[in-house]
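Welcome! Let's take a friendly walk through a protein fold, one topic at a time.

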Amino acid sequence: MSETFAVDPASGEPEARELTPHVPLGRVRMIVNPASGSVDAGAAEAARGILAEYPLDDAEVIELQAGAFAEGIAEALDAGPDLLIILAGDGTAGTIASSTGDDGPMIAPLPGGTMNMLPKALYDTTDWRKALRETLERGEIRLVSGGEVEGRAFFCAAIFGAPALWAPAREAVREGDWRLAWLHGRRALRRAFGGRLRYQLDGGPVRRAEAVALITPLISKVMDVDKGLEAAAMSPAGAADAFRLAAHALFDDWRHDPAVLTQTVRKVTMRARSRIPAVVDGEPMRLDAEAIATFRPRAFKALAPRLDHAGIEA
């Protein structure tokens, strides 16, 4: 369906769309990585066309070039924009957002990656064009908090321990690829994490768990203010509980499992006999055998429209 625009009767040209009344927007830079998972061909040109519809004093789209990502990002930041829009993968968007801090420009991380956990939480859509228009027209400042583990920031959720090995299989199920889910599940069993985690919540007593999950206030269903991270410790009593937890990690929401205990925390210390498997904002990784995760109350400023509902499924 084609869009309709109001036309200036004097010039015959489309009238500019109205910008959000909540914040002043003059200088805008938009970073586009054409190699990202869900960035379609011609995205940079389409973005230029959309920005041209708004009364912005200074708007520019910077298309990242292979081998020169750092230069393109530095160029955008050096311009001192009011708003930095990012259409790139989850890792690129997260890295830029975490580096700007709450005293940097407003950030709009549009859905341009594969998982798109942060964009989904902020914009509730995987259509970057829709997210861009709604941000420019209805955006409000949202101070986003998050967490950090081994220098890696996360703004949605992180899972540490054995259930993290099931994450790729879970995503394959969501995409309807049962063959890939089976292959990922078999791989997870072969790489089974030996031993439980020893963990401390805010310096409390050392406990053991099969896994620890940390959910940020951006998507937590039980936290209304940025007091900390929602920690969920998974502690199965035996083989039956362990199997049920694995099934929850693959098909369901483990937060509802009776073997899960939750608490609000600002620091979590974890230790294991071997490197700790983790999924941080949807990306699998391996941590050292000792790791510390901390709460970041003022990670960055996002520009996003107010949503009618809070949170997404972690």
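How are α1 and α5 oriented to each other, roughly parallel or roughly antiparallel? They pack at an angle of about 25 degrees, and α1 and α5 are therefore roughly parallel to each other (angles under 35 degrees count as roughly parallel). Keep in mind that this is a predicted model, where local features need pLDDT of at least 70 and side-chain atom pairs count only at pLDDT 80 or more, while totals for chains, interfaces and linings use all residues. Residues are numbered from 1 along each chain as its sequence is written, and side-chain values use heavy atoms, with hydrogens and water left out.

**The chain as a whole**
- The protein chain has eight helices and 16 strands (DSSP runs of H or I with at least four residues, and of E with at least two, numbered from the N terminus).
- Of its 314 residues, 51% are buried (under 20% relative accessible area, with a 1.4 Å probe and protein chains only).

**Two helices side by side**
- Helix α1 covers residues 43-51 and helix α5 covers residues 128-138, and their axes (lines fitted to C-alpha atoms over the stretch in contact) lie 11 Å apart.
- Ala43, Ala46, Ala47, Ile50 and Leu51 in α1 meet Trp128, Arg129, Leu132, Arg133 and Leu136 in α5 (contact means heavy atoms within 4.5 Å).

**Strand β16 and its partners**
- Strand β5 (residues 139-149) runs antiparallel to strand β16 (residues 290-305), joined by ten bridges (strands pair if DSSP finds at least two bridges between them).
- Glutamate 140 stands opposite alanine 304 in β16.
- Strand β13 (residues 267-271) is also antiparallel to β16, with five bridges.
- Methionine 270 has alanine 291 in β16 as its bridge partner.

Methods
Axes fitted to C-alpha atoms, helices over the stretch in contact; angles between N-to-C directions. Parallel < 35°, antiparallel > 145°, perpendicular 65-115°, else oblique. Buried < 20%, exposed > 50% of the residue type's maximum accessible area, 1.4 Å probe, protein only.
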